[in-house]
Amino acid sequence: MHIESGVGLRTYNTFGLPAVAHTLVRIADDADVRGVVNHPTLGAAPKFVLGGGSNIILTRDMPQVVLKVEVRGLRLVEERADAWIVEAGAGESWHEVVVWTLAQGYPGLENLALIPGTVGASPVQNIGAYGVELRDRFESLDAVDLRTGETITLGPERCAFGYRDSVFKQALAGQVVITRVRFRLPRPWQPALGYLELERKLAEWRSAQPQTEPSAQQVADWVIAIRRAKLPDPARIGNAGSFFKNPVVTPEQCRDIIGRDPEIVHYPMPDGSVKLAAGWMIDACGWKGKTVGQAGVYEKQALVLVNRGEAIGSEVMTLARAIQESVYGRFGIRLETEPVIV
Ligand code: EPU
C-alpha cells in the first residue's frame with residue numbers, strides 16, 4: 001500500500017477547487033481498503049472516500065485519510081431472460097460504462113449518458129437524468145466496511161434510494177467504501193422518452209422517418225446533445241452539476257406559490273407532493289450569468305454554479321448562500337445544496 005502525503009486535490013474535483021489532502025491512499029481493490037483498516041495509524045483515523053470528485057465542494061484542506069477509489073473492471077456477469085446484469089468497478093468512469101454497455105448491445109443506461117463522475121458515486125447520490133434514476137437500473141453493490149474490513153453486498157432495499165439520496169449519504173455515510181456496482185438492464189429494452197426534451201426529439205424523428213423506432217444509441221445521442229446544449233463540460237469550465245436539489249413541497253405550498261408566480265415550473269409527484277424547478281426560481285431571481293469573485297452562475301442553466309478560473313470553495317459557498325437567501329426571500333423556499341460540502 002502506497003501512502004501519499006500533501007496531495008493537491010485541484011485536479012481531483014471537477015469544480016477545480018484548491019485543497020490539500022494530508023494523506024491519500026489509492027484503492028485498487030478490496031484488499032487495499034483492508035490494508036488501511038488494519039494499518040497501525042491510519043486504521044483509526046477519520047476517512048473520506050473520493051471518487052471522480054464531480055459532486056463535492058472543497059472548502060478547506062483535508063485532515064482525513066482520503067481514499068481515492070480506482071477499482072477497475074467491466075463485465076457482463078449474467079444474461080437472464082428478463083435482464084442483462086453488468087458489473088463495473090467503482091473507479092470506472094460513469095460515461096465510459098454507459099458507452100461500453102451500448103456498444104456491447106446491453107441498452108438501458110442511455111438516459112444517463114454524459115453524467116460526470118465514477119461508477120462508485122452513482123448509487124451514493126442515486127444519479128438521475130431525463131426520467132431515469134440509477135435505482136431503476138440497480139441490481140446490487142459490493143462495499144468494504146471501514147470498521148471491520150469485511151466486504152458486504154447490498155441489494156436495492158438496503159440502499160434506501162431517494163431523490164439524489166441513499167443510505168450512503170445517511171446512516172452509512174463515511175462507513176463503507178463502494179468497490180463494485182452491478183446494474184440490471186431490463187429485457188426487452190423499452191426506451192424512456194417521457195421527459196419533455198426527449199419527447200420533442202422523438203416527435204422530430206417520427207416526422208422524418210415514421211417507419212422506424214429510435215435505438216438506445218440514438219436516445220444516448222439525444223441525451224448527449226441536450227446536456228451539451230445547457231450543461232458546462234467540466235473539462236472546460238469547472239462545475240459540480242446541479243448545485244441545489246429541486247425542492248419538493250406540499251400541494252398547498254405549491255398553490256400558494258403559483259398564486260403569486262403562475263409561471264413557476266413544477267412537476268406533480270406520484271405521492272401527491274410537487275417538485276419545483278430550482279433552476280427556474282434562481283433564474284427568476286435574476287442570478288443567471290452573475291459572478292461573485294471567481295464563482296458564477298452558468299449562463300445557460302441557473303442551477304449550475306461554475307468556476308470562472310481560480311475560484312476557492314469559500315467564494316462558491318458565499319455565492320450559494322446569497323442565492324439561497326434571495327430564493328427564500330421571494331418564494332419562501334429553502335434550497336438544499338446537492339453536492340457534498342467538505
Ligand atoms: N429552468 C429555467 N431557467 C434555468 C434553468 C432551468 O427556467 O436557468 C427551467 C427549465 O426551462 C425547465 C426547468 O426549469 O423547464 C427544469 O430544468 P431542466 O430540465 O434543465 O432540469 P433541472 O430540474 O434543472 C434536473 C437534474 C439534472 C438533470 C436534469 C434532467 C436535479 C437537481 N437536477 O435538472 O441533474 O440532468 O434534471 O433530468 O435534480 C445533477 O444532478 O447534477 C444534474 C445535472
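Me: How much space lies in the second largest pocket, and which residues lie nearest its centre?
Reply: In this predicted model, the second largest pocket holds about 680 Å³ of space. Its lining is made up of 28 residues, and those lying nearest the centre of the pocket are Phe-48, Val-49, Val-124, Phe-168 and Val-340.

Me: Which element gives the most to the lining of the second largest pocket?
Reply: By class, the lining of this second largest pocket has 15 nonpolar, eleven polar and two charged residues. At least two lining residues come from each of β3 (47-50), β5 (62-69) and β12. The element that gives the most, with four residues, is β3.

Me: Where is Val-340 placed, and which residues does Val-340 touch when those up to four places away in sequence are not counted?
Reply: Val-340, one of the residues nearest the centre of the second largest pocket, is placed in strand β20, residues 340-341, and is partly exposed, with a relative accessible area of 35%. Leaving out residues up to four places away in sequence, Val-340 touches Asn-55, Ile-56, Ile-57 and Lys-169.

Me: What is the volume of the largest cavity, and how do the residues of its lining divide by class?
Reply: The count of cavities of 30 Å³ or more comes to one, and the largest cavity has a volume of about 40 Å³. Among the residues that line this cavity are Ser-54, Trp-94, Ile-115 and Gln-125. By class, the lining divides into five nonpolar, five polar and no charged residues.

Me: Why do the buried residues of α2 lie on the same side of the helix?
Reply: Helix α2 covers residues 94-104, and its buried residues are Trp-94, Val-97, Val-98, Thr-101 and Leu-102. These lie on the same side of α2 because they cover an arc around the axis of only 130°.

Me: Against which elements do the buried residues of α2 pack, and which exposed residues does the face turned away from the buried side carry?
Reply: The buried residues of α2 pack against β6 (74-79), β7 (83-89), β12 (176-186) and α5 (216-230). After the helix comes Gly-105, with a positive phi near 90°. On the face of α2 turned away from its buried side, the exposed residues are Glu-96 and Ala-103.

Me: How many disulfides does the structure hold?
Reply: The cysteine sulfur closest to that of Cys-254 belongs to Cys-285, and at 16 Å the separation is too far for a bond. The sulfur of Cys-285 in turn has that of Cys-254 as its closest cysteine sulfur, again at 16 Å. Cys-254 counts as buried at 4% relative accessibility, whereas Cys-285 is partly exposed, with a relative accessible area of 23%. The number of disulfides in the structure is zero.

Me: What is omega for the cis peptide bond between Arg-187 and Pro-188?
Reply: Pro-188 is found in the loop between β12 and α4 (196-208). The peptide bond that joins Arg-187 to Pro-188 is cis, and its omega is about -10°.

Me: Is Tyr-130 buried or exposed, and what is its phi?
Reply: Tyr-130 is found in the loop between β8 (128-129) and β9 (132-133). At 8% relative accessibility, under the 20% that marks a buried residue, Tyr-130 counts as buried. Its phi is positive, in a residue other than glycine, with a value near 50°.

Me: What is the phi of Ala-160?
Reply: Ala-160 has its place in the loop between α3 (156-159) and β12, and is partly exposed, with a relative accessible area of 47%. Although Ala-160 is not a glycine, its phi is positive, about 50°.

Me: Which residues does Val-33 touch when those up to four places away in sequence are not counted?
Reply: Val-33 is found in helix α1, residues 30-37, and counts as buried at 0% relative accessibility. Not counting residues up to four places away in sequence, Val-33 touches Ile-27, Val-144, Leu-146 and Val-177.

Technical notes
Residues are numbered from 1 along each chain as its sequence is written. This is a predicted model: local features need pLDDT of at least 70, side-chain atom pairs count only at pLDDT 80 or more; totals for chains, interfaces and linings use all residues. Side-chain values use heavy atoms; hydrogens and water are left out. On a 1 Å grid over the protein atoms alone, a cavity is a set of points where a 1.4 Å probe fits but cannot get out, and a pocket is an open set with protein on both sides within 12 Å along at least five of seven lines; lining residues have an atom within 4 Å of a point. Grid points are joined across faces, edges and corners, and a volume is the space filled by probe spheres set on the points. Ala, Val, Leu, Ile, Met, Phe, Trp, Tyr, Cys and Pro count as nonpolar, Asp, Glu, Lys and Arg as charged, and the others, Gly among them, as polar. Buried means under 20% relative accessible area, exposed over 50%, partly exposed in between (1.4 Å probe, protein chains only). The arc is that of the directions from the helix axis to the C-beta atoms. Contact means heavy atoms within 4.5 Å. A disulfide is a pair of cysteine sulfur atoms within 2.5 Å.
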